[in-house]
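Open your viewer and get ready to select residues by chain and number. We will stop at a few places, one after another.

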Amino acid sequence: MLYAAAITTFFFVGGAAATLIRLELATPASDLVSAETYNKLFTIHGVIMVWFFLIPSIPAVLGNFLVPLMVGAKDMAFPRLNLASWYLYVLGGIFTVATLLAGGVDTGWTFYTPYSTMFSNGAVLLAVCGVFVVGFSSILTGLNIIVTVHRLRAPGLTWFRLPLFVWANYATSLILLLATPVLAMTLVLVALERFFYVGVFDPSRGGDPLLFQHLFWFYSHPAVYIMVLPAMGVASEIIPCFARRPVFGYRFMAYAILAIASIGFLVWGHHMFVSGQSLYAGLVFSLLSFLVAIPSAIKVFNWTATLYKGSITFSAPMLYALGFVGLFTIGGMTGLFLASIALDVHLTDTYFVIAHFHYIMVGGSVMCYLGGIHFWWPKISGRMYPEGWGRAGALLIFFGFNLTFFPQYLLGWLGMPRRYHEYPPELQLLNVFSSAGAVVLALGYLLPLGYLGWSLFFGRKAPDNPWGATGLEWQTASPPPKHNFRDIPEVHAGPYGYDPAR
Amino acid sequence: MNATTPLWALPAASDTASRVDALFLVVLAVTGAVTLAIFAVMAVFAIRYRRGSPAQRASPPTQSRVVELTWTFTPLAVFLCFFAWAALVYGSFYRADPAAMTIYVVGKQWMWKAQHANGRREIDELHLPAGQPVRLVLSSEDVIHSFFVPAFRIKQDAVPGRYTAISFTPTRPGVYRLHCAEYCGTDHANMGGRVYVMQPAAFAQWLEQGPSGASLAAQGFELFRRLGCSGCHDARSSVHAPELDGVYGRTVHLADGRTIVADEPYLRDSILLPKKDVVAGFEPIMPSFQGQVSEADLSALISFLKSLQPGGPSGK
Amino acid sequence: MATIPLASAEAGAERARLGMWLFLATEAMFFGPLFFGYVHSRLADSAAFASGSHHMHFWLGTINTAVLLTSSFTMAISVHGKERIRGTLGLTFVLGAAFLLIKGYEYGSEIPEVLAAKGAEQVFYLLYFAMTGLHAIHLLIGLGLVAWLFLSAHGRRAGTPVEIVGLYWHFVDAVWLFLYPMFYLLERYSA
């Protein structure tokens, strides 16, 4: 719960930066903010949203709460470690806020060298410290989830009886554990280089800037899967529940999660098709990028098939989940354009890429985070949220999101580069659409903040299992007692024992 | 870009652009059709199987290996086609026509500087003849930049400390936008300009205008003497140093047994990091010129070395 | 519904062991960019790395390798011992501390050479200090853990805490076994 509060705060700080960016881009000229301010805004937006919202959101807020419940355990394997990881998160957050107070940083969230090491005047060291510390928070969360899933499953809960949400968090944790330390050390090297003026990344001192890109993306591409896999897990819980039938192809769904997590480690070079890496490296990364799209495609098909012969109610969580499937499909399909290496040459570093990853991260992760918050809100808070408001919020966000980001695909194709505070005037119309959408989206996000906060105090008391769901988490009280279950449950069947006829 | 360009049409002004566009349209058609199909199926299911509808729901399928494998391998086959096509197009960006005109482009916070073979220089502008294959050799004096001309559908990073190159043939005369696409600091958004694709005759005329000076290779020869390179690399020199006539494109045997083709990156490294790739049979005695030559000097020196072809025009 | 004694000592030990192994996997990846950077930079300019390696104190490095390996041995005895493991734990601590003292002396004597370095040799030194420095920080943490075992009740007999610290200690030693040839022996096989 501590996590939920802290993460919500950062989400709105990052969101405020995004809103300012879009307002500046409503006109082609630079009028609202200066170039320096603009560069600091998109940097802080990226840093906060990636490391302080998207990565910890579902694993830390929902995962820490739900994984022990779903495996029938009293708590996480290392409860004190869990608290430690929260403190690290806050410490990292303090560094980031200090960065803002020290005048901000203008390197972009990617910290590309040699700009970040030798040329930028911003508070790079502080920002790097913040990300470094919050990285350890992620690692501890991941470690905790893995040990919990391995060691604390209730009797009878075999691997292939685990809910897909647990599978997704397990795979995510593996990535957190193996990729995050690489980022941490890479940032240490950036700091050393900036501090001592000696470095492995600076060509004028015998280094190579492409080395930085390889190391950075070795973390940051898997990080995309850190953000979206838990979202897939949430959708895989909500859709069967509100379609009242078992998820289609459970085993393939679980295998797909593992496939995404492992192939995801091998595609980092697709961020570097125009960087000057070798032609053949580019081709291999392009092929692997197509391969990683296949398990995602399987998942979309299976979610769709899960609706077949169901008995569907359109509650707020279901609206979020279906919205997620739609947006994720668009995001994934446009990913194929970027994996097609010759198209990527034109589209990379333009708004096409911006739109693509916002469809995956905002359309994917944020939709599912909100869907999950609504779905488990009764369990977490012991109160019901107002359903009418919930549905209105889901629809508003879906509409605002598409209005914001769909025009950006077109802008990208027309060649508007990213990280521009000024742009050619003929592109203004699309930018105005996008900025208007951002305002709708911002209102959409404020809505749940309002009514969920209201329901915390005045909402109807929630029953133990308001959705008639089958997961273990619904078999205990709302909110759960201190040790989750009065008696450790025993499991005799797989998850999703729904029957649409009833 | 022309002010008259309609919003939806990005001009296709090079051979690369038409190849990329064809691929784009096919990928768009296929993914668009599949996306719409998925949405349609979702919508049909959502309406037909809404709670309380009279639809038949007996024994919903929970798994089917045949179905799963179908929608695993069908996308795989489609993806492999996309991959192969895209790879072919990508390869063409880096295969230079032997008759290609080489232009050196240097990125610097926050401007693009270009050097033509005859010595003409320009800043934030690039003039090109239509129908002539062009090869751009890019480098940077400070941070990473990226040379992006949307109308050509090409983009290539300019990385400090190394050369990158990209090839294309401009086809349609006109004025097009030039951008920096890799974030490079405060004025990143203003680092750009115009590319002018001209009729060959008009281009030849343009090339002759402007301050008349020595050709790039001749400037290189001047540097070659001034920096003392000729002291060792001259055939009559007493110092034992590799012969440079016809060095460009030659296969060089190195002291540690490797062989390497003497392309621009190799020549660049040999000037800046001479101890890296020592030629077989020579002592590693050459001093490094790192920090003594600018990017513009380097392009002149390399142009000069390239001009030393047997029978080619020599700067001497 | 059955109640399972999850809090049993063996279950706790299992959890701790798995947790430590996972942590060591993270640690290995943490060192990863340094190793990768080393390989990459050395391929780019092997001559500079060879000449940098000439400045290393070969004998100090070798002695330190022996010291550290011996400390691993005494640690292993502590883990597998039954009672009265204080002696071997103490010895482990002393050997670890000796390693750090020698390393510290070595660092001090290298500073003038570092300041004189140019070009890719600077990269060699940066990696040398970063990697051995990170290793030394890990060893320092290891020393703290061993001291804690020594002073607390765990020092009286081997158990899970000793085993967990032992895993960590061996990991830190194993890292050094890579660092030693990478920096000290380089000149000897690149002629």
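Select Tyr90(B) first: with 1% relative accessibility, Tyr90(B) counts as buried (buried means under 20% relative accessible area, exposed over 50%, partly exposed in between, with a 1.4 Å probe and protein chains only). This is a predicted model, where local features need pLDDT of at least 70, side-chain atom pairs count only at pLDDT 80 or more, and totals for chains, interfaces and linings use all residues. Residues are numbered from 1 along each chain as its sequence is written, chains are lettered from A and ligands numbered from 1 in the order in which they are written, and side-chain values use heavy atoms, leaving out hydrogens and water.

Helices (H or I, at least four residues) and strands (E, at least two) are DSSP runs, numbered from the N terminus.

Next, select Phe152(B) and Tyr176(B), a tilted aromatic pair at 6.1 Å centre to centre, with 55 degrees between the planes. Rings of Phe, Tyr and Trp (its six-membered ring) pair if their centres lie within 6.5 Å; planes under 30 degrees apart count as stacked, over 60 as edge-to-face and the rest as tilted. Phe152(B) is in the loop between β6 (145–149) and β7 (154–158) of chain B and Tyr176(B) in strand β9 (residues 174–180), so the pair ties together parts 24 residues apart in sequence. Are these two buried or exposed? Phe152(B) is buried at 0% relative accessibility, and Tyr176(B) is buried at 2%.
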